[in-house]
Amino acid sequence: MTDTPVSEAPGRNESDGVFYRHVWKWHFLASLYVLPFMIMLAITGGIYLYKPQIESWLYADRLNVEQTGEALPYEAQIAAVEASHGMTRLRGITNYDDPTRSTVIEFNDADRVRSIAWVDPYTAEVLAVTPRDEMAMRVLRKFHGELLLGDVGTKFVELAAHWAIVMFVTGAFLWWPRGKRTWSKALSLPQGKGRSFWRSTHLFTGFLATLLVVPIIVSGLPWTDVWGGGLSYVQERTGQESGSLRFGGNVPNSTASQGERLELTEVFAIAHREGLVAPYEVRPPRDHSAAFWVRSASLNRYEQTELIIDQYTGEVLKRHHFADNPIVAKTVSLGISFHQGELYGWLNVLQHTFAAVATVVLAASGFVAWWMRRPKGSLGVPQAPEAAIGPGMIALVIGLGILFPLMGLSLLAVLMLDWLIFRHLGWFRARTA
């Protein structure tokens, strides 16, 4: 919640000052909704950046094994899981091509709960089994994306992401040097005492957060229901969807519908011979006519090659490289990799960690500056004169509504509530002397 007095940032004329006050008011009102979500997203997202390190510590007893000889066939390891927990569907097996790592088996248990099992490949001992949706980082990710509220929660998070862009854009306008505020002052470290210090801290961290956080927000939009669903529709209609073989409908079947299925050891060996980068993930055929789906689970998108392998002959029926995707699909995928801190290694992780810290400081400093400025018993909404809605504003609202549908709907709802209720109650308006 930027707390820049209008007197410190006058425009060239009265109309500029009126526009500034309206921007400040919208920045304030957007922040009321956005900042609680931004704190949650920054903390949960910042923790999730370190998922590999956290899981290596949290699940050390099930991830690591001692090499004691030759590994048992995967079928024996799967049988051990089935004997101990039941199995209504085998979903996949992951091999890290590391003799000190356990085999990871994903399956539906006897109660049809999607679960993860870790098995010692040398003894077939089931080291641990956990329902997938109860794993710590899985819960954290679902809270980050949907507040653990399913489809309803993800809409609230998406709406916060849309309004966050408005908050950052209006905040950047308020930060921009004008009047007595010079570039050197705008780019200097926080200074002053009391409210002045908190205001300068908010402005400075807001500048940094705008540069760091807006790309993170934008790269996460393809995951959302409304905006992401619209993007997927456009990709499908323009031939820009991903060519991944995992869920695609144009995946060939095996050459026969019956016979002796390849052992999983041979399937992994084919993946290795075909140059896939470990870890390897294999999903078995669902029926007698289907085929094995195999992919590299490398974090490097350009190494994520997929294969369709005939379950009887071992012939590679189809291959898909990440580089084969059309430009939009590649851009979306690389954006997701950036969003998760995987695109360029530790530098990406550190960049997002700094962004998460800056977001928390931004929110805290904005709250303190607002609390110290606000009149007692009032929200302290920045004062701005009522303005007629002109053609430019109408065009802007329509454009935002098309680009960000949820934000457009929420804006129309707020304007309607303001016209019908809020203005009569005096809510969200500056208190006049």
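1. A quick definition to start: helices here are DSSP runs of H or I with at least four residues, numbered from the N terminus. With that in hand, look just after helix 4, where Gly 86 takes a positive phi of about 75°. Please keep in mind as you read on that this is a predicted model.

2. Let us stay with helix 4 and check its length. The helix covers residues 74-85, which makes 12 residues, and at 1.5 Å a residue it should span 16 Å.

3. Which residues of helix 4 are buried? They are Tyr 74, Gln 77, Ile 78, Ala 80 and Val 81. If you look down the axis of helix 4, these buried residues fall within an arc of 150°, so they line one face of the helix. As for their partners, the buried residues of helix 4 pack against strand 1 (89-95), strand 2 (103-108), strand 3 (114-119), strand 4 (126-131) and helix 10 (264-273).

4. One of those partners deserves a visit of its own. Leu 264 lies in helix 10, and because its relative accessibility is 5%, under the 20% cut-off, Leu 264 counts as buried. Leaving aside neighbours within four places in sequence, Leu 264 touches Tyr 74, Glu 75, Ile 78, Ile 93, Val 282 and Phe 292.

5. Now find Arg 283 in strand 5 (residues 280-283). Is Arg 283 buried or exposed? With a relative accessible area of 13%, Arg 283 is buried. Its side chain makes a polar contact with the side chain of Glu 106, at 3.4 Å. A polar atom of the Arg 283 side chain also lies 2.8 Å from the backbone oxygen of Arg 91. Beyond its neighbours within four places in sequence, the residues in contact with Arg 283 include Gly 92, Arg 114, Arg 246, Ala 291, Phe 292 and Trp 293.

6. Next, the rings. How many aromatic pairs does the structure hold? There are 15. One of them joins Tyr 33 and Phe 37 in a tilted arrangement, 4.9 Å centre to centre with 45° between the planes. Both residues belong to helix 1 (residues 14-48), and because they are 4 residues apart, about one helical turn separates them. Tyr 33 counts as partly exposed at 25% relative accessibility, whereas Phe 37, at 14%, counts as buried.

7. Another pair brings together Tyr 50 and Trp 346: the ring centres are 6.1 Å apart and the planes are at 50°, so this pair is tilted. Tyr 50 sits in the loop between helix 1 and helix 2 (51-58), while Trp 346 is in helix 12 (residues 345-373), so the pair ties together parts that are 296 residues apart in sequence. Tyr 50 itself is partly exposed, with 23% relative accessibility.

8. Ring pairs link Trp 175, Trp 176, Trp 183 and Phe 207 into a cluster. Two arginines sit over rings too: Arg 101 lies over the face of Tyr 96, at 4.0 Å from the ring centre, and the charged end of Arg 178 is found over the ring of Phe 173, 4.4 Å from its centre.

Methods
Residues numbered from 1 in each chain as written. Predicted model: local features only at pLDDT ≥ 70, side-chain atom pairs only at ≥ 80, totals over all residues. Heavy atoms only, no water. Helix = DSSP H or I, 4+ residues; strand = E, 2+ residues; numbered from the N terminus. Expected span 1.5 Å × (residues − 1). Buried < 20%, exposed > 50% of the residue type's maximum accessible area, 1.4 Å probe, protein only. Arc of directions from axis to C-beta. Contact = heavy atoms within 4.5 Å. Polar contact = N/O pair within 3.5 Å; in protein donor to acceptor, adjacent residues only side chain to side chain. Phe/Tyr/Trp six-rings, centres within 6.5 Å; stacked < 30°, edge-to-face > 60°. Lys NZ or Arg CZ within 6 Å of the ring centre and 35° of its normal.
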